[in-house]
Amino acid sequence: MTRPTADGTECARAWEAMPWVLQDSAGASQKAWFAEHLAGCADCRREFELQERLHLAMALDPIVEPDPELGLRRLLARIDADDPQRAPVRKVANASWVVRLLAAAVLVQAVGIGVLGMKLWTNDRSPASYRTLSSPSAPAPAGALHVVPEKSMSVDRWNTLLRDQHLSVVGGPNSVGAYTVVSDDAQASQADVIKRLHGAGIRFAEPATGSP
């Protein structure tokens, strides 16, 4: 296809109008002018007919859907025909069976990894004693505190408080929601720790000399 030169002003205008006419988005006056021009210009008429065929071909749905399995079978048949000494290729009768087999293998592997990870995690932790609210309280370690957080305190805020105050939970919660904690800061006295806790969302804090 050769686009008309600048000298062919009418043809150039017709070429610019072709896409609009093909997509049925041209105005009535533009369509009328275009039809009149095609009637007297054989070159533009041939070009428009060609573009009409291309436009129609692009709008058509494919007649034949691709068949990957058929293509694979044909390829294997050609390979066997080219090499008579080649051992017969074992074909898979059902592709979905292969997918299910692979999925089962992945699942088994994931379960195995999970079991191994749980075993390693269990071996790294010392066994914890199981206690209920009715179990007798174990003796509190030296320097321990009984603390009761505000009811509105979230788990994230509680963990942040323990980290910021260098505290470790060694017991609890008991029937009144009290935890037994010890300070990891050897430089801080019990009085200092209790003072800081009272201003950090803790409604009760006292030395662990007995049950709160």
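Trainee: How much of the chain counts as buried?
Mentor: Of its 212 residues, 20% count as buried. Keep in mind that this is a predicted model.

Trainee: Got it. How many helices and strands does the chain have?
Mentor: There are 7 helices and 4 strands. Starting at the N terminus, the order of elements is α-α-α-α-α-β-α-β-β-α-β.

Trainee: And among contacts between residues at least 6 apart in sequence, what share joins residues at least 24 apart?
Mentor: That share is 55%.

Trainee: Okay, then at what angle do α2 and α3 pack?
Mentor: The angle is about 115°, and the axes are 6 Å apart. Helix α2 covers residues 28–40, and helix α3 covers residues 42–59. Angles from 65 to 115 degrees count as roughly perpendicular, so α2 is roughly perpendicular to α3.

Trainee: Is that crossing left-handed or right-handed?
Mentor: The crossing of α2 and α3 is left-handed.

Trainee: Which residues make the contact?
Mentor: On the α2 side, they are Phe34, His37, Leu38, Ala39 and Gly40. On the α3 side, you'll find Ala42, Cys44, Arg45 and Phe48. Sorted by class, the contact of α2 with α3 has 6 nonpolar, 2 polar and 1 charged residues.

Trainee: Nice. What about α1 and α3, how do their axes cross?
Mentor: Helix α1, residues 9–22, crosses α3 at roughly 25°, and the two axes come within 11 Å. Angles under 35 degrees count as roughly parallel, so α1 and α3 are roughly parallel to each other. The crossing of α1 past α3 is right-handed.

Trainee: Which residues are in contact there?
Mentor: From α1 come Cys11, Ala14, Trp15, Met18, Val21 and Leu22. From α3 come Cys44, Glu47, Phe48, Gln51, Glu52 and His55. By class, the contact of α1 with α3 has 8 nonpolar, 2 polar and 2 charged residues.

Trainee: Switching topic: how many salt bridges are there?
Mentor: The count comes to 2 salt bridges. One of them joins the side chains of Asp24 and Lys31, with N to O at 2.7 Å.

Trainee: Are those two residues buried or exposed?
Mentor: Asp24 is exposed, at 56% relative accessible area. Lys31 is partly exposed, at 32%.

Trainee: And which residue does Asp43 pair with?
Mentor: Asp43 forms a salt bridge with Arg46, and their closest N and O atoms are 2.3 Å apart. Asp43 and Arg46 lie 3 residues apart in helix α3, so about one helical turn separates them. Both Asp43 and Arg46 are exposed.

Trainee: One last spot. Where does Thr180 sit?
Mentor: Thr180 is in strand β3, which spans residues 179–183. Its relative accessible area is 13%, and buried means under 20%, so Thr180 is buried.

Trainee: What is Thr180 in contact with, leaving aside its neighbours within four places in sequence?
Mentor: The list for Thr180 is Ala140, Ala144, Leu145, His146, Ser168, Val169, Val170 and Gly171.

Trainee: How far apart are the C-alpha atoms of Thr180 and Ser168?
Mentor: They are separated by 8.5 Å, with Thr180 and Ser168 lying 12 residues apart along the chain.

Conventions: Residues numbered from 1 in each chain as written. Predicted model: local features only at pLDDT ≥ 70, side-chain atom pairs only at ≥ 80, totals over all residues. Heavy atoms only, no water. Axes fitted to C-alpha atoms, helices over the stretch in contact; angles between N-to-C directions. Helix = DSSP H or I, 4+ residues; strand = E, 2+ residues; numbered from the N terminus. Parallel < 35°, antiparallel > 145°, perpendicular 65-115°, else oblique. Left-handed = near helix turned anticlockwise from the far one by under 90°. Contact = heavy atoms within 4.5 Å. Nonpolar A, V, L, I, M, F, W, Y, C, P; charged D, E, K, R; others polar. Salt bridge = Lys/Arg side-chain N within 4 Å of Asp/Glu carboxyl O. Buried < 20%, exposed > 50% of the residue type's maximum accessible area, 1.4 Å probe, protein only.
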